[in-house]
Amino acid sequence: MNDTPSIRGVGARIPRLEARGKLTGRAEYTDDLSRPGMLYGAILGSPYAHARILSYDTKAAMEVPGVKVVITGADYPDMPMGCMIKDEHLLAKDKVRYTGQPVAAVAAIDAKTARRAARLIDINYEPLPEVMTIDEAMAQDATILHEGLSDYIKIFEAEFSGNVLSHQVLIEGDVKSAWDQCDVIVEDIYETQPQSHAYLEPCAALAEVDDAGKVTIWSGHQSINRVQANVAEALGLSMSKVRAMTPRVGGAFGGKMEATVQPIAAALAIKTGKPVKVVLSRDDDFQMIRSRHGARIRMATGATKDGKILAREAELFYDAGAYADDSAAVLGFGLLMARGPYNIPNVRAEGHCVYTNKLRAAGFRGFGNPQVTFAGESQIDELADKLGMDPIEFRLKNAMRNGDKQFGGHTVEVCGLAECLENVREQSDWATKRGASASRGKASGIGVSAFSHVCGLLSTGAIARLAEDGSVVLSTGAVDNGQGSDTALAQICAEALQVDVGMVNFVAPDSDTSPYNWGTGASRITYMVGRAVRDAANEVRDKILKAASIMLEAGEADLELVPGGKVQIKGTDVSVGFFDVSMFSLFGAGGPIIGQSTFLYDGEPFDPKRTAMTGFPFANLGVYLFGAHAIEVEVDETTGKTDVARAWLAHDVGKAINPSAVEGQIQGGFAQGLGYALFEELVWDGGRMVNPSFMDYKIPGAHEVPYEIHPIIVENPEPTGPFGARGIGEPGLVGVAPAIANAIFNATDIRLRSLPLTPEKVLTAMMDEDPSERPVRSVGAASVSALNTSPEAKQSAGDAAAGGSAPSGMPTNEVMEKAGSNRPTGATQSISPFASVFVEGLKEAGVSIVAALPESLLASIYLACERDNEIRYIPVSNEADLPGIVAGAYLSGKKAVMIMENSGLRQALEPIARYAYCHAMPMVMVMCYRGDLGEKNWWGHNHAQTMEPILDALRIPWRTVRKVEDIKSSIKKAIDHADSSQWPVALVMSGDCVEMTGYGKD
């Protein structure tokens, strides 16, 4: 790979063209723009997820000083818009279908006035039943959200019914018969969550109308041509009356492909005759725009005992939210990716995209692929586990190779999947890391995923022109959303013409002057627009050679371009520069030198004889991308928190146009995928989104993203790509979640099938799991046999305890008997109400042994245990023996707790906690207080100052109980947690409970 910048551009690690402007703050985004006499717009969102609009009252809003206009859906005729199904309006008409849906808008002299006026608009609603889940949407008696679905215009042969806006089926081979040939079949249900696009720049638009009635719109988006089409469609305008331009864009990831606020800004500008700027607040952007599709996927995969995958069946349910947007395409692509990057001869993939009363869902980095890949790659690991095969070897055995057919019938000429898998295996030290280990309460593991994607679809174009001074003007319709496509396209042009990148003037997209491009999405810019740029530049090259042949009196075949913008006679030093060629052409012969290229993706079409397709929305797409991820994690066995330690991310990009930019895309995709895997999730309470801000919606920060991210560029040139290049925008995200889930399984033997993989889910799974099925895991100096809780190991440990020989750190039964001879002393001979409830809680939790320090003032609890005769009370003289006694009891098949009270607490807490921490023994503490946390008891102890900092420092979960009646449930939760842990130790403290134990202050 070329690490030295070349004069030609391709393969050079050059800085991004726009980098300096962004770093210095000179780059302009939509909110930085201003026009003379500009007004400000504000949008009112619906307070209901589903309601009928009965009436509008805008009088109070119009009376606010500075307000110029108020518009509602009632002001506009029925002109629905939508890229797949025409089901959405400029502003809600007749009904609202999600909380936050725009219902009215205001233009005023400043943003504050506009927002205040918008809140004064009085809309009378009739609430309707909400449909918030896939199950509710598909129920037989479901409330229908779009009663006119059958009448909507659809741009594809859609199958639909009820709340299902798109039903699609893809079939290859004979799945039903193939099951009989499978020795192992894995089947399960996987769920993924809605994810916010979380771009840094909220949606914004500035619209202005000229004297001829033409609307010019500046906005951060992904396609000037989609903005132009959407505004024209929503307002009933001719496209000749709409001009779309873009300043810099602060991220999009799919959320800004279709209309955001541009039609509303345009409507306000037309109504007022003034420029109007609309900028959403972060909360409004969260609730009004788009999310990733939440999904439920039922999948079954079968293989022979020698590891050959024979069959897969997948049923996908994607939650489209309130409007169709591009959901049918997202579902279709998810189905196409359901086979995974493997040669599986028998596949059936069925999909349902359903309307709900959630925020509309749309394309998001990966475009339906991350959901199905999470299911598929989790299942590949499950199959490998059942077959006793290494997960990478299993994948390699079934991986696609050069010349294989993809699902749908495309021939994949170049497939670097095996090379990607080999790279992550070698560079991650896979074999060593697969022997998962635990250290100081953390289990580590490594997981892998493999995946495919596409980068070729729809239409694009490019125009290149030789300027008067010999430089090159390059115009495309491609919008750079921050991924660096302007730079990559300039490098391709420079390579074709053998000039320095600095000689290429990349023109900002403008729908009035730029050639058509469908949009920045689907990882298509480098491949699709890059091809058009290459071909346009080649046409310029040919015209340059033609003009130079006249000037040099040589045949065109005898000429060549040489670096620096020159044409030279081969084998000589006779040359002419581009400046001279341009002047000759402009004023001597031939005219301006311009090259252009436009095309619709022209790859191999789907093969209906191989793959039966029903309701599928694509006519053609292809050029497949392949990659593999190996990700190492550490799982805190006490809290369930998963930290990603390292990642190795291999991608076959064909040819890296700018290796630094490619690595940045891989790293960025990984970081966004990490958030998707571990904690990002939009949450609704009924019809209301409860976390529409970065305060409540967590995205990865510096602490979550590991320092060690190793992007691995694999180059197998794509025959049809510009200089061999393919796309890279999305694949970096696609494989992250399954690799992390597989790593968690490697670390803990916990298989999670629902995203995000939160600490709560991990901990709950660990608590629910049968401890007898947990494997042996090393925890440093601790004995492996002490940690193995299989039935055989339990029996062995019990025998060892009975025979006086126990693993290191564990007292024998003899020690337990000796300790049991110490009776607690105390003034009371009665059983306190607390002691009764406490012991009842222990019994209900199945506890059979209580170990306590003899100096503890726990005589009342001792009496309650003795009277009950079901719980053995063991006073222990040495606090260091407490955890060993409890652990020994557990390994002997019994449940035990250790308890302390104030007099022994300060001396015993820290050494016991550290003992358990260093030996990877999870602990749960229940502390009972009489008063507030900061209140000193009658001994002068302040628990908030002595206990809780230690517990927090050691990452030991604790809960506070202030009421006697709450002690039972708290004990049960603690014991349930402890009972499912690898080394279950529950520490229950009676704390500041002197009255409870039968003593008085005196």
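This is a predicted model: local features need pLDDT of at least 70, side-chain atom pairs count only at pLDDT 80 or more; totals for chains, interfaces and linings use all residues.
Guide: Local features here need pLDDT of at least 70 and side-chain atom pairs count only at pLDDT 80 or more, while totals for chains, interfaces and linings use all residues. Residues are numbered from 1 along each chain as its sequence is written, and side-chain values use heavy atoms, with hydrogens and water left out.

Visitor: Why is N346 called buried?

Guide: Buried means under 20% relative accessible area, exposed over 50%, and partly exposed in between, using a 1.4 Å probe and protein chains only. N346 has a relative accessible area of 14%, so the buried label applies.

Visitor: What is N346 in contact with, leaving aside its neighbours within four places in sequence?

Guide: Contact just means heavy atoms within 4.5 Å. By that rule the partners of N346 include E172, D174, L310 and R312. N346 itself lies in strand β15, residues 346-355; strands are DSSP runs of E with at least two residues, helices are runs of H or I with at least four, and both are numbered from the N terminus.

Visitor: What makes β8 and β25 edge strands?

Guide: Two strands pair if DSSP finds at least two bridges between them. The open six-stranded sheet runs β8-β13-β14-β15-β7-β25, with mixed pairing. β8 (184-192) and β25 (612-614) each have a single partner strand, so one side of each lacks a neighbour in the sheet.

Visitor: How do you know that β8 and β13 pair?

Guide: Nine bridges join β8 to β13 (residues 294-303), and the two run antiparallel.

Visitor: How does the span of helix α10 compare with the one expected?

Guide: The expected span is 1.5 Å times one less than the number of residues. With 19 residues (369-387), α10 reaches 26 Å from its first C-alpha to its last, close to the 27 Å expected.

Visitor: What makes α10 mostly covered?

Guide: Of its 19 residues, 17 are buried. After the helix comes G388, whose phi is positive, near 70°.

Visitor: How much of the whole chain counts as buried?

Guide: 62% of the 1002 residues.
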